[in-house]
Amino acid sequence: MVDNYQGAGVESWEILNCSPDLPYPFPNSSLLTPSYSIAIAMILCIGNILNPTELETTIAKLEMAEFVDGKATAGWHARQVKHNTQLPQGSPALAIVRDIIDAALQRHALFQMAVRPYIVRPVTISRYDIGMSYGTHIDNALMYDPLMRSDVSMTIFLSDPTTYEGGELIIESTQGEVAFKLPAGSAIVYPSSTLHRVEAVTQGVRLAAVTWIQSLVRDPQQREILFDLDTARQTLFEASGKTPVFDLISKSHANLLRQWTEF
Ligand SMILES: O=C(O)CCC(=O)C(=O)O
Ligand SMILES: [Fe+2]
């Protein structure tokens with residue numbers, strides 16, 4: 001088996017345009033259109049990570065669940081700026097929602113292709129009521145149970161963005177800050193190496209699932225090259241089948257993957 005994604009219909013994948021200048025949602029059926037608008041490699045917004053049924057079940061579980069102070073799971077420095085609540089370990093709702101999201105991530109071809117997950121942490125479910133925020137921080141590089149390195153951070157937005165004010169995820173780069181607030185059920189994946197924060201919620205409630213991933217390809221620029229090559233060869237395959245050009249790109253893709261993976 002070469003990989004899981006060969007021949008997958010590119011049209012069925014949905015990349016959202018992350019550009020803050022454009023209204024969301026901004027579904028984009030072409031994988032060839034750049035979807036990341038700032039200089040950090042591999043910031044990707046993925047539409048409909050959860051389908052409507054999964055989203056509905058998740059929200060129903062969270063509406064009845066009890067949340068606790070989120071400081072417990074932050075590193076000693078992030079704790080100072082973390083003002084939110086989370087589902088506690090042992091919460092029945094957490095177990096159900098984790099299963100739903102885990103299954104959704106495993107079957108999602110675009111997530112798999114862009115992130116190349118080796119270890120995906122069980123999600124944390126957070127809730128920001130009015131006045132809550134999470135100030136600028138860097139995510140822990142190493143995480144335990146299971147022991148892993150965080151390469152990719154992910155937020156799955158669970159609340160309809162029209163139901164709350166504020167709560168944008170802000171990612172800092174040398175070129176400035178970019179704000180993300182995605183439709184419910186959509187996700188952003190971004191390198192864990194970035195400083196980021198969640199703006200204060202000023203109206204409504206922001207629910208989100210966050211997690212961290214150790215990738216088979218730790219370098220975001222290498223991940224981006226592999227993603228672009230994979231996208232190009234699959235688009236070529238859709239257009240003209242298994243041509244010699246397709247074979248050449250597939251060869252380069254496979255051989256770079258061989259050079260750059262670690263586990
Ligand atoms: O809720 C978010 O969008 C991000 C939260 C975050 O940065 C974290 O939990 O480390
Ligand atoms: Fe974070």
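Start by selecting Asn 48, in the loop between β3 (44–46) and α1. This is a predicted model, and in it the phi of Asn 48 is near 50°, a positive value in a residue other than glycine.

Next, follow the chain into helix α1 (residues 52–64) and show helix α2 (residues 92–107) with it. Their axes are 9 Å apart and the helices pack at an angle of about 160°. α1 and α2 are therefore roughly antiparallel to each other. Turn the view to look at how they pass: the crossing of α1 and α2 is left-handed. To see who meets whom, display Glu 54, Thr 57, Thr 58, Lys 61 and Leu 62 on α1, then Ala 93, Ile 96, Val 97, Ile 100 and Ala 104 on α2. Colour this contact by class and you will find 6 nonpolar, 2 polar and 2 charged residues.

Now select residues 116–215, where UniProt, in an unreviewed entry, places the feature "domain: Fe2OG dioxygenase". This stretch is 57% strand and 0% helix.

Asp 139 sits in the loop between β9 (133–137) and β10 (142–143).

Which residues surround ligand 1? They are Ser 126, Tyr 134, Asp 139, Thr 155, Leu 169, His 196, Val 198, Ala 208 and Val 210. Two elements, β17 (196–198) and β19 (206–215), each give two or more residues to this shell. By class, the shell has 5 nonpolar, 3 polar and 1 charged residues.

Most peptide bonds are trans. Pro 146 itself lies in the loop between β10 and β11 (148–149).

For the last stop, select helix α4 (residues 220–240) together with helix α5 (residues 244–260). The two axes come within 9 Å and cross at roughly 155°. α4 and α5 are therefore roughly antiparallel to each other, and their crossing is left-handed. On the α4 side, show the contact residues, including Gln 222, Ile 225, Leu 226, Leu 229 and Phe 237. On the α5 side, the partners include Val 245, Phe 246, Ile 249, Leu 256 and Trp 260. Counted by class, this contact has 12 nonpolar, 4 polar and 2 charged residues.

Note on methods
Residues are numbered from 1 along each chain as its sequence is written. Chains are lettered from A and ligands numbered from 1 in the order in which they are written. This is a predicted model: local features need pLDDT of at least 70, side-chain atom pairs count only at pLDDT 80 or more; totals for chains, interfaces and linings use all residues. UniProt positions are given in the numbering used here, feature names are shortened, and annotations may be inferred rather than shown by experiment. Helices (H or I, at least four residues) and strands (E, at least two) are DSSP runs, numbered from the N terminus. A residue is near a molecule or strand if its C-beta atom, placed from the backbone, lies within 6 Å of it. Ala, Val, Leu, Ile, Met, Phe, Trp, Tyr, Cys and Pro count as nonpolar, Asp, Glu, Lys and Arg as charged, and the others, Gly among them, as polar. Axes are lines fitted to C-alpha atoms, for helices over the stretch in contact, and angles run from 0 to 180 degrees between N-to-C directions. Angles under 35 degrees count as roughly parallel, over 145 as roughly antiparallel, 65 to 115 as roughly perpendicular and the rest as oblique. A crossing is left-handed if the near helix is turned anticlockwise from the far one by less than a right angle, and right-handed if clockwise. Two residues are in contact if their C-beta atoms, placed from the backbone, lie within 7 Å.
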